[in-house]
Amino acid sequence: MDEILDTNAAVEPDFMDASKELEAQSTNNEISELSKKGYQLLKENKIEEAKEQFEKTLVIENNNNYALVGLGDAERKLYHYNDAINYYSKCLSFHPGNNYALFGLADCYKALNQYHKAIAIWEQYLIHDDRNITVLTRVADAYRKIKDFKKSKQLYLKVLDMEENNPYALIGLGHLHYDFKEYRDALYYWTKMLDINPNEVDIRVLTSIGNCHRKLKSFDQGVPFFERALEYDSKNFYALFGLADCYRGMNQQFRSVEYWNKILEIDPNNKVILTRAGDAFRNTGDYKTASEYYNKAMNIDFDIYAALGLALICKGEGRYEESVERLDALIRNDPKNYRLYIDLADSFIKMSQRQKAIETLESFQRLGIRSQAVNEALDKVKNNQSLS
């Protein structure tokens, strides 16, 4: 009998261990199902429903990495970046090497324009895997945002060494050189994107190439790219603006007005565009229509370029005293704008007050601001030459 009792005592712990194992397995299965369902709902953009699944998981296991990352991803999709940061950080406190939490955390800091923090996290990842193209391009993008040209270019080129014609690296290099006013180099990388896939090019590549030509003043070469962009989207602001500006640069003001007006059909209260359209009409001598556009802009909010345009109309119509009065008022509000001094000096010359023109230009020089345009204008006035 004692032997039987001893045997039963020996069996009981084994039975309990098996029971616990089954219970643990059941819990793991439940967590796994909740996680799968949560991530599936995230993919379907059913954010709140996904959050419910992850929160149920945390009730079962409060430091579950899948649930914490899932909640971080959900909040990030809702643009609740600080909430997402809290979830990713909590995950990393329990699971320091979790790549998904690291990626999410870095992306949040990037979205909040905290690029230095994002870089620190991505570089932490690159210590273990310096061949990850996704991370390399993101770090390169972040360095570009903080204006570190050298490090950004190094990383983009490293990506291209690993994967020739990587689109993210090519586009990034284009933006990098464009930001640093190296427009020919930017044009090289963006054109390469077009060469790789000429039939399915991103509209942003087309407008970027067009913008390079605008900056290089090769306006006629920029036109086809903006026109092609409009084939994809007839109301694309950047394509319409680019075309208008190219035609302005080619001195085809009537074509320019056509595209300024197309923008105004979409955004009638855009005072920058109203002013540009006013400039176009003024340059064709249609002062009446130009005044209408300038005044529309001024009615929205004060705009120095619209105010300048009205002053130049006064000068163009021979109302020199009024142009002097307007330009003088603008200089008091914006004393460092060299162009105002040149236009004011020109008004004095047209009134046969050459000495006042000289004094006007010399008053700008006394500000200690260097301007080749003012220096050249002063030389012309002193040599009895016209400014316009």
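Visitor: Quick one to start: are R214 and D245 buried or exposed?

Guide: Both R214 and D245 are buried. Buried here means under 20% relative accessible area, exposed is over 50%, and partly exposed is in between, using a 1.4 Å probe and protein chains only.

Visitor: Before we go on, what kind of model is this?

Guide: This is a predicted model, where local features need pLDDT of at least 70 and side-chain atom pairs count only at pLDDT 80 or more, while totals for chains, interfaces and linings use all residues. Residues are numbered from 1 along each chain as its sequence is written, and side-chain values use heavy atoms, with hydrogens and water left out.

Visitor: Ok, back to R214. What does R214 form with D245?

Guide: A salt bridge, with the closest N and O atoms 2.9 Å apart. The pair links distant parts of the chain: R214 sits in helix α11 (residues 203-215) and D245 in helix α13 (residues 237-249), 31 residues apart. Helices are DSSP runs of H or I with at least four residues, numbered from the N terminus.

Visitor: And what's the cut-off for a salt bridge?

Guide: A side-chain nitrogen of Lys or Arg has to be within 4 Å of a carboxyl oxygen of Asp or Glu.

Visitor: How many salt bridges turn up in the whole structure?

Guide: The search finds 27.

Visitor: Which residue does D343 pair with?

Guide: K315, with the closest N and O atoms 3.5 Å apart. That pair also links distant parts of the chain, 28 residues apart, with D343 in helix α19 (residues 338-350) and K315 in helix α17 (residues 304-316). Salt bridges that share partners join K315, R339, D343, D346 and K350 into one network.

Visitor: Why does D343 count as buried?

Guide: Because its relative accessible area is 12%. K315 is buried too, at 12% relative accessibility.

Visitor: What about E44, what does its side chain meet?

Guide: The side chain of K46, in a salt bridge at 3.4 Å, N to O. E44 is partly exposed at 39% relative accessibility, and K46 is partly exposed at 39%.

Definitions and conventions: Helix = DSSP H or I, 4+ residues; strand = E, 2+ residues; numbered from the N terminus.
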